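Hello,

Here is the structure we talked about handing over. Please open it first, then read the notes below it.

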Amino acid sequence: GYRSVSTSALAPRAATALEDIGFSTAQDLVLLERTHSATDNFVEVLPSLRGRWPGSRFPSQPVVTEILQLDCAAFGDQRQMDQITFREALCATEQSRIFVSYVDKLMVGFVIVGVSDTHGFIQRLAVHPDCRNSGKGRQLVQTALAWIHAKGSVSTVVNTEASNLVALRVYENFGFAPMNYRLSVLEMTLS
């Protein structure tokens, strides 16, 4: 019953192999990296969501639903996370955290961050369209970097669409620089 299939972000070799059998590029992603230094002075300015049980990475189901609704508003039906991709984002690294931004008790932004070994990752950053250009994205990135730096990471990596100039500008303002490596999300229409 499916009409199409999409991949996760793929390295060039895997993307080329799938393009050879009929997949096409749906998203061209830029990888950016920021090296941390001892003089970094980021402050966590937003609250962290913790799991329901001690040691759990997963917030309660009503909070997950709120996050997924915000993600859909930010990314649209085609690029939104579902329960599975949300869980995968939280489990992709050894440690992870979700930071959120609220306006009048309404969640308007979130960032999922993780740390593995000595590297940090911004897994997902979403800001409601009504709150873009309000500084919410900047607060989320600042809080993410503070948490990652406190974990002893030497660098942080993030990817975003090459065409997302707003996100690129936010990351570049925090010292992220493009890496010499791209990722692609591919899709294929099924007959």
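Gly175 follows helix 5, and its phi is positive, near 90 degrees. Helices here are DSSP runs of H or I with at least four residues, strands are runs of E with at least two, and both are numbered from the N terminus.

A word on the source. This is a predicted model, where local features need pLDDT of at least 70 and side-chain atom pairs count only at pLDDT 80 or more, while totals for chains, interfaces and linings use all residues. Residues are numbered from 1 along each chain as its sequence is written, and side-chain values use heavy atoms, with hydrogens and water left out.

**Helix 5**

Which residues of helix 5 are buried? They are Ala167, Leu168 and Tyr171. Buried means under 20% relative accessible area, exposed means over 50%, and partly exposed is in between (1.4 Å probe, protein chains only). Seen down the axis, the buried residues of helix 5 fall within an arc of 100 degrees, so they line one face of the helix. That arc is taken from the directions from the helix axis to the C-beta atoms. Leu165 and Asn173 are exposed on the other side of helix 5. The buried residues pack against strand 2, strand 6, helix 4 and strand 7 (155-161). Contact here means heavy atoms within 4.5 Å.

Look at Tyr171 in particular. Leaving aside neighbours within four places in sequence, Tyr171 is in contact with Leu32, Ile122, Leu125, Val141, Val158, Thr160 and Phe176.

**The cores**

Tyr171 also belongs to the largest nonpolar core, which has 24 residues. Tyr171 is one of those with the most contacts inside this core, along with Leu32, Val111, Val113, Ile122, Val141 and Phe176. At least two residues each come from strand 2 (24-35), strand 5 (106-116), strand 6 (119-127), helix 4 (136-150) and helix 5 (165-173). Helix 4 gives the most, with six residues. There is a second, separate core of 18 residues, and among them are Phe58, Val63, Phe86 and Ile98. A nonpolar core is a set of buried Ala, Val, Leu, Ile, Met, Phe, Trp, Tyr and Cys residues joined through side-chain atoms within 4.5 Å.

**Helix 3**

Phe86 sits in helix 3 (residues 83-91), where Phe86, Ala89 and Leu90 are buried. These three cover an arc of only 95 degrees around the axis, which puts them on the same side of helix 3. The buried residues of helix 3 pack against helix 2, strand 4, strand 5 and strand 6.

**Salt bridges**

How many salt bridges are there? The count is three. The rule is a side-chain nitrogen of Lys or Arg within 4 Å of a carboxyl oxygen of Asp or Glu.

- Asp28 and Arg182 pair at 2.7 Å, N to O. Asp28 is in strand 2 and Arg182 in strand 8, so the pair ties together parts that are 154 residues apart in sequence. Asp28 is partly exposed at 34% relative accessible area, and Arg182 is partly exposed at 39%.
- Arg34 and Asp40 pair at 2.9 Å, N to O. Both Arg34 and Asp40 are buried.
- Asp71 and Arg124 pair at 2.8 Å, N to O. Asp71 is in helix 2 (residues 61-79) and Arg124 in strand 6, 53 residues apart, so-called distant parts of the chain. Asp71 and Arg124 are both buried.

Ser101 lies in strand 4 (residues 95-103). Ser101 is buried, at 1% relative accessible area. Beyond four places in sequence, its contacts include Leu46, Met107, Val108, Lys136 and Leu140.

Cys131 is in the loop between strand 6 and helix 4. Cys131 is buried too, with a relative accessible area of 15%. Not counting residues up to four places away, Cys131 touches Val108 and Lys136.

**On the surface**

Tyr2, Val5 and Leu190 form a nonpolar patch, with about 330 Å² of accessible area together. Leu190 is in the segment after strand 8 (177-189), and is partly exposed at 37% relative accessibility. Patch residues have over 30% relative accessible area and no salt bridge; like charges are joined within 9 Å, and nonpolar side chains (Val, Leu, Ile, Met, Phe, Trp, Tyr) within 5 Å. Accessible areas come from the Shrake-Rupley method with a 1.4 Å probe; for residues, only the protein chains shown count as cover.

Best wishes
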